[in-house]
Amino acid sequence: MLDNEATPNQEEFFYGHIEKCMVCFAHYNVEKQIRQLLKSKLNNKEVPNALAEEIRRKIVS
Ligand SMILES: [Zn+2]
């Protein structure tokens, strides 16, 4: 969702959903923070999805 791969409809659904769903909202914020953290560490280069995924799993699960 954060990679601009989602279609406008998917995005609309997603943002509408997280407004009402605390679980997804929390996960979304975790992911956002991970990516910001990694971006600053990687000098604003794109964060590889596999790396973000790995870190997210460690934090969320
Ligand atoms: Zn949800």
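## Confidence of the model

Across the protein chain, the pLDDT (the predictor's confidence in each residue, from 0 to 100) averages 81, and 87% of the residues score at least 70. Among the elements, helix α3 (residues 49–60) has the lowest mean pLDDT, at 77, while α1 has the highest, at 89.

This is a predicted model, in which local features need a pLDDT of at least 70 and side-chain atom pairs count only at pLDDT 80 or more, whereas totals for chains, interfaces and linings use all residues. Residues are numbered from 1 along each chain as its sequence is written.

## Overall layout

The secondary structure of the protein chain consists of three helices and zero strands, and from the N terminus on the elements follow the order α-α-α. Here helices (H or I, at least four residues) and strands (E, at least two) are DSSP runs, numbered from the N terminus.

Of the 61 residues of the protein chain, 3% count as buried. A residue is buried if 20 or more other C-beta atoms lie within 10 Å of its own, exposed if 12 or fewer, and partly exposed in between, with C-beta atoms placed from the backbone.

Helix α1 covers residues 8–20, and its 13 residues should span 18 Å at 1.5 Å a residue, which agrees with the 19 Å between its end C-alpha atoms; the expected span of a helix is 1.5 Å times one less than its number of residues. Because the number of buried residues among the 13 of α1 is zero, this helix lies largely in the open.

Helix α2 has 20 residues and reaches 28 Å from its first C-alpha to its last, close to the 28 Å expected at 1.5 Å a residue. Just after α2, N43 takes a positive phi of about 55 degrees.

## Two residues of α2

I34 is found in helix α2, which runs over residues 22–41, and I34 is buried because 21 other C-beta atoms lie within 10 Å. Not counting residues up to four places away in sequence, I34 touches A52, I55 and R56, where a contact requires that the C-beta atoms of two residues, placed from the backbone, lie within 7 Å. I34 and I55 are 21 residues apart in sequence, yet 7.5 Å apart in space, C-alpha to C-alpha.

E31 is also found in helix α2, but E31 is partly exposed, with 18 other C-beta atoms within 10 Å. E31 and E53 are 22 residues apart in sequence and 8.7 Å apart in space, C-alpha to C-alpha.
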